[in-house]
Amino acid sequence: MENIVATLFTLFMLILLQAVLGFDNLLYISLESKRAPEKDQSKVRKWGIGIAVGLRVVLLFLLIKMIEAFQAEWFSISWEGVVEGKFNLHSIIVLVGGVFILYTAMKEIFHMIVVEDFQTEVKRDASSAKSVVAKIVFMNAVFSFDSILSAIALVSGTGDKTGEISTTGFWIMVVAILTGGALMIWLADGVSTFLQKNRMYEVLGLFILFVVGILLLTEGGHLSHMKLFGSEIHAMSKTTFYFVIPVLVLTEVVQSRYKKKLLLKQQSQKA
């Protein structure tokens with residue numbers, strides 16, 4: 001009975017972990033899916049998440065079996081006083097993901113600044129749906145590292161020896177990943193619809209995505225023990241990240257209400 005309760009509690013914690021760490025992933029998927037033709041956007045989100053969840057299970061298996069290979073040093077840079085670091089596969093993937101997220105967020109923000117007619121639909125070619133699915137799958141793999149490594153740490157020790165992962169522990173993580181994926185598929189359309197109806201929050205989402213890119217870059221720099229101009233890069237803590245998000249949301253809400261007040265005041269003065 002105690003084992004069943006412990007297993008269920010671990011499963012609950014893993015599902016909660018997948019949900020919390022999947023927030024930034026879901027935000028990226030909702031914003032990126034807009035680039036596909038409108039009739040395919042819902043399908044793109046579902047296919048992207050579905051394929052990514054399957055690959056996440058494969059990645060889980062690989063990380064358990066080959067975690068040393070992911071952590072082994074690939075190459076190093078030693079430009080003393082300028083750039084120093086020792087890079088492994090894990091840090092490279094996280095750094096590339098961070099750069100890609102920053103590029104995506106900055107490109108969309110720039111587009112919003114220069115666009116003149118928000119009602120005009122951007123022309124997209126027929127192959128764009130496949131490219132969007134590929135981007136969603138790639139970024140999901142990047143976001144997966146954190147959640148999978150955290151899950152392994154949570155389940156570690158359920159084997160016969162300390163630090164081993166038992167078969168039961170592996171399947172608990174698989175169930176948690178599949179459940180988290182199902183929740184993302186269920187929420188994806190709702191989040192995208194909300195962002196489309198509330199364009200002001202789309203800007204907020206892009207800036208949150210910008211912070212996610214910085215989070216990934218600092219984490220990748222920390223994993224590779226990178227130093228820039230003699231200063232070591234430290235990873236942004238998840239606590240800091242989840243503190244920044246409510247601050248950004250609160251700022252947006254206050255700013256929106258203040259703008260409405262100014263508009264009402266201007267209209268009353270004209271009347």
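Buried means under 20% relative accessible area, exposed over 50%, and partly exposed in between, using a 1.4 Å probe and protein chains only. The model is predicted; local features need pLDDT of at least 70, side-chain atom pairs count only at pLDDT 80 or more, and totals for chains, interfaces and linings use all residues. Residues are numbered from 1 along each chain as its sequence is written, and side-chain values use heavy atoms, with hydrogens and water left out.

**View A. Helix H2 is mostly covered.** H2 spans residues 23-32. Helices (H or I, at least four residues) and strands (E, at least two) are DSSP runs, numbered from the N terminus. Nine of the ten H2 residues are buried. Among them are Asp24, Asn25, Tyr28 and Glu32.

**View B. The largest nonpolar core holds 29 residues.** A nonpolar core is a set of buried Ala, Val, Leu, Ile, Met, Phe, Trp, Tyr and Cys residues joined through side-chain atoms within 4.5 Å. Val44, Leu60 and Leu63 touch the most other members. H2, H3 (41-71), H5 (128-155) and H6 (167-197) each supply at least two residues of this core. H5 gives the largest share, nine residues.

**View C. Leu63 and its contacts.** Contact means heavy atoms within 4.5 Å. Leu63 touches Phe70, Phe145, Ile148, Leu149 and Ile152, leaving aside residues up to four places away in sequence. A second, separate core of 21 residues includes Tyr28, Ile101, Leu195 and Leu204.

**View D. Strands S1 and S2 form a hairpin.** S1 (residues 73-79) pairs with S2 (residues 83-88) in the antiparallel sense, over six bridges. Strands pair if DSSP finds at least two bridges between them. Ser78 stands opposite Glu84 in S2. Three residues lie between the strands, and Gly81 in the turn has a positive phi of about 85 degrees.
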